[in-house]
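Please keep the structure open while reading.

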Amino acid sequence: MRRLLIQNATVITMDRQQGDLRPGDVLIEGDRIAAVGRGIHAPEAEILDGSAFILIPGLINAHLHTWQTGLRAVSANWTLLEYFRWVHAGLATRFQPEDIRIGTLAGALNQIHCGTTTLVDWCHNNPTPAHTDAGIEGLRESGIRGAFFHGSPKPDPKPGEKHFSEIPHPRGEVERLMRGPFASRDQLLTLGLAILGPHYSTLEVSLTDFRLARELGLVASMHQGGGAAKTPGGWDVLEREGLVGGYVNIVHGNDLEDDRLARFVKSGVTFSVAPENEMAQGHGHPITGRLRKLGAAPSLGVDLESVISGDMLTVARMAMEHQRALDNAEYRAATGGIPASTITVREALSWITVEGARMLGMQDRLGTIAPGKQADLVLIRADALNLWPVHDPVATVVMQASVANIDSVMIAGEWRKRDGKVLYAGLDRVKADLLRSATRILSELGWRPETTREEAAARMAAQ
């Protein structure tokens with residue numbers, strides 16, 4: 001068994017019992033953390049001098065539509081409804097299985113590059129089993145720890161076809177995956193369900209999908225918000241049926257009423273917020289502060305690289321500073337004074353570590369640096385010009401670090417990025433394949449950077 005001892009690093013464990021160590025040592029044996037402390041003695045272990053580094057738990061991206069990686073920044077100027085029209089009813093329908101694979105592979109490799117060790121891949125462009133298998137293969141090939149959330153596409157129906165909101169999640173396909181690539185839960189890749197939920201499906205479909213997820217013991221994740229709900233009052237029925245509980249994950253949730261949000265928190269529902277994209281596309285204010293008032297906390301996700309960058313440190317900053325601004329404005333309006341900061345940088349870091357693990361039900365394995373947990377770690381180069389000198393390591397990570405400072409990334413005890421370089425043979429080939437895929441897809445729909453809203457609407461109407 002391989003043994004590695006990282007010595008004299010600044011260790012931000014995010015574990016209340018362990019605390020932070022400056023300096024500290026972390027011993028890794030195989031795929032797990034064996035010891036955390038000072039002056040660890042480990043004969044025959046490989047030694048890594050961590051004195052120039054801040055060591056943090058691997059970051060967790062709780063929500064990303066990774067298949068859209070090749071469409072980077074294409075949706076930057078679109079509202080949410082324009083995005084639905086252009087992407088789901090248009091561009092998504094041009095994806096072949098290989099497009100899904102290369103987009104997922106490139107996106108997962110970029111997540112590793114950015115310091116993410118666990119990616120929740122919310123795959124909802126899988127019209128065939130071949131598309132699904134291609135997405136899973138992209139995750140597997142990247143080496144990331146991935147939660148593949150199996151979804152369903154949202155095209156406009158052809159004559160004689162049902163609208164996507166009327167189609168329940170395919171039990172047979174989920175069972176096929178559980179017999180095949182997800183037969184074991186003790187592996188890097190795990191399975192969840194990306195269901196429509198009452199905002200995007202009929203009541204009958206919602207009831208069927210919730211029951212399926214609960215029966216199979218899978219996380220049921222769903223978007224909540226964005227236009228009018230397909231089933232007004234759907235949540236009332238789901239609550240009465242006892243189907244709202246800890247296996248439910250709500251993405252966004254901006255339009256949930258305060259009393260319902262409080263009930264959901266009490267029931268153990270988790271929430272994944274995508275702050276930058278929610279602000280960009282018109283979802284409304286992220287619910288970070290509303291959750292905090294209820295004693296809860298969000299996990300965070302990038303959501304769409306077709307809109308924003310894939311950097312989770314930026315996502316954490318966005319979430320924190322947006323809520324600080326709202327809190328500050330409320331305080332000034334009430335008192336006329338200038339308030340103290342309402343959210344600490346450590347809390348913001350917990351949203352992309354501890355809370356991501358909680359959302360997946362993997363607190364026993366991920367989210368902190370502690371003995372027995374998986375060796376998912378990130379080394380941040382602390383002597384870089386943009387970070388030095390380091391006075392408060394947590395503040396340095398959250399407020400000042402960027403992708404440029406992510407020196408090394410370890411997943412399950414294996415280096416996936418080292419000395420600033422992603423350890424993947426054939427990266428240039430992946431980039432070339434991604435460009436070729438995206439160029440074909442965009443050209444088939446007639447997209448170009450200067451396309452106006454009027455031109456876009458006319459092209460979509462002609463499809």
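## Salt bridges

A salt bridge is counted where a side-chain nitrogen of Lys or Arg lies within 4 Å of a carboxyl oxygen of Asp or Glu. Such bridges link Asp-236, Glu-239, Glu-257, Asp-259, Arg-260 and Arg-263 in a network, and the count by this rule comes to 34 salt bridges. The model is predicted, so local features need pLDDT of at least 70 and side-chain atom pairs count only at pLDDT 80 or more, whereas totals for chains, interfaces and linings use all residues. Residues are numbered from 1 along each chain as its sequence is written, and side-chain values use heavy atoms, with hydrogens and water left out.

## Pairs between helices

Arg-292 forms a salt bridge with Glu-347, with the closest N and O atoms 2.6 Å apart. Because Arg-292 lies in helix 10 (residues 288-293) and Glu-347 in helix 12 (residues 345-351), this pair ties together parts that are 55 residues apart in sequence; helices are DSSP runs of H or I with at least four residues, strands are E runs of at least two, and both are numbered from the N terminus.

Eight strands form an open sheet in the order 6-7-8-9-10-11-12-13, with parallel pairing, where two strands pair if DSSP finds at least two bridges between them. Strand 6 (59-64) and strand 13 (299-300) stand at the edges with a single partner strand each, so one side of each is left without a neighbour in the sheet. Strand 9 (residues 189-194) and strand 10 (residues 220-224) pair in the parallel sense over two bridges, and Ala-194 has Ser-221 in strand 10 as its bridge partner.
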